[in-house]
Amino acid sequence: GMGMSVAWPTGVAIKSNAGVSAQIQQAEGTIGYVEYSYAQQLSMAVAALENQAGTYVLPTVDSTAKALDALTLPESLVAFNPDPEASDAYPISTYSWLMAYQQYDDAAKADVLREVLTWCITEGQAFSEELGYVPLSEDVTNRVLEAIAQIQAS
């Protein structure tokens with residue numbers, strides 16, 4: 001349809017980025033939301049969204065980094081920036097999170113988890129862009145490393 005008010009067909013619910021991206025690719029005219037990494041890896045069309053400044057911005061590593069750089073991380077390390085102020089920042093940008101216990105009964109598991117997460121947040125950052133993610137800023141990296149260091153065996 002077309003016009004100021006469109007009666008969009010509804011009723012299709014798909015679970016996960018993989019499921020949504022598969023549905024979008026299979027059904028002509030389908031609109032859906034998947035994270036940038038899926039859109040990039042599958043060469044999907046993306047939409048420019050209007051941000052707070054009134055600028056239409058495409059999702060890119062740079063435009064997402066602009067939105068994330070405007071965040072101040074609280075103690076919990078959970079923060080969102082759905083409508084950034086910068087004219088070149090992509091709206092609805094956020095981090096991906098991993099939840100871990102601070103205490104593990106098995107010391108070997110705690111050690112391996114700390115080792116893997118430390119690699120991800122340091123050396124692993126070199127793979128961020130090719131996988132469709134934004135490399136984390138130095139400040140965010142340092143905050144996450146502090147949180148990883150708190151993982152211990154009880």
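Trainee: Which residues are buried in H3?
Mentor: The model is a predicted one. Burial here requires under 20% relative accessible area. In H3, the residues that are buried are Val61, Ser63, Thr64, Ala65, Ala67 and Leu68.

Trainee: What covers the buried residues of H3?
Mentor: The cover includes both helical and strand elements, so several parts of the chain need naming. Among them are H2, strand S2 (56-57), S3 and S4.

Trainee: Which residues does Tyr95 touch, not counting residues up to four places away in sequence?
Mentor: With residues up to four places away in sequence left out, Tyr95 touches Leu68, Leu71, Leu73, Ala79, Leu136 and Val140.

Trainee: Are helices H4 and H5 roughly parallel or roughly antiparallel to each other?
Mentor: The axes of H4 (residues 107-121) and H5 (residues 138-149) come within 10 Å and cross at roughly 175 degrees. Angles over 145 degrees count as roughly antiparallel. H4 and H5 are therefore roughly antiparallel.

Trainee: How do the residues of the contact of H4 with H5 divide into nonpolar, polar and charged?
Mentor: H4 makes this contact through Arg114, Leu117, Thr118 and Ile121, and H5 through Thr141, Val144, Leu145, Ile148 and Ala149. The division is six nonpolar, two polar and one charged.

Trainee: Is Gln125 buried or exposed?
Mentor: Gln125 sits in the loop between H4 and H5. Not counting residues up to four places away in sequence, Gln125 touches Cys120, Val134, Pro135 and Leu136. Its relative accessibility is 17%, so Gln125 counts as buried.

Trainee: Why do the buried residues of H1 line one face of the helix?
Mentor: In H1 (residues 16-26), the buried residues are Val20, Ser21 and Ile24. They line one face because, seen down the axis of H1, they fall within an arc of 100 degrees.

Trainee: What is the phi of Leu77?
Mentor: Most residues other than glycine have a negative phi. Leu77 lies in the loop between H3 and strand S3 (80-81), and Leu77 counts as buried at 16% relative accessibility. Its phi is positive, near 70 degrees.

Trainee: Where does Ile92 lie, given a phi near 55 degrees?
Mentor: Ile92 also has a positive phi in a residue other than glycine. With a relative accessible area of 38%, Ile92 is partly exposed. Ile92 lies in the loop between S3 and strand S4 (93-94).

Trainee: What separates the C-alpha atoms of Glu85 and Lys66?
Mentor: Glu85 is in the loop between S3 and S4 and is exposed, with a relative accessible area of 65%. Not counting residues up to four places away in sequence, Glu85 touches Gln52 and Ala53. Glu85 and Lys66 are 19 residues apart along the chain, and their C-alpha atoms are separated by 9.6 Å.

Conventions. Residues are numbered from 1 along each chain as its sequence is written. This is a predicted model: local features need pLDDT of at least 70, side-chain atom pairs count only at pLDDT 80 or more; totals for chains, interfaces and linings use all residues. Side-chain values use heavy atoms; hydrogens and water are left out. Axes are lines fitted to C-alpha atoms, for helices over the stretch in contact, and angles run from 0 to 180 degrees between N-to-C directions. Helices (H or I, at least four residues) and strands (E, at least two) are DSSP runs, numbered from the N terminus. Angles under 35 degrees count as roughly parallel, over 145 as roughly antiparallel, 65 to 115 as roughly perpendicular and the rest as oblique. Contact means heavy atoms within 4.5 Å. Ala, Val, Leu, Ile, Met, Phe, Trp, Tyr, Cys and Pro count as nonpolar, Asp, Glu, Lys and Arg as charged, and the others, Gly among them, as polar. Buried means under 20% relative accessible area, exposed over 50%, partly exposed in between (1.4 Å probe, protein chains only). The arc is that of the directions from the helix axis to the C-beta atoms.
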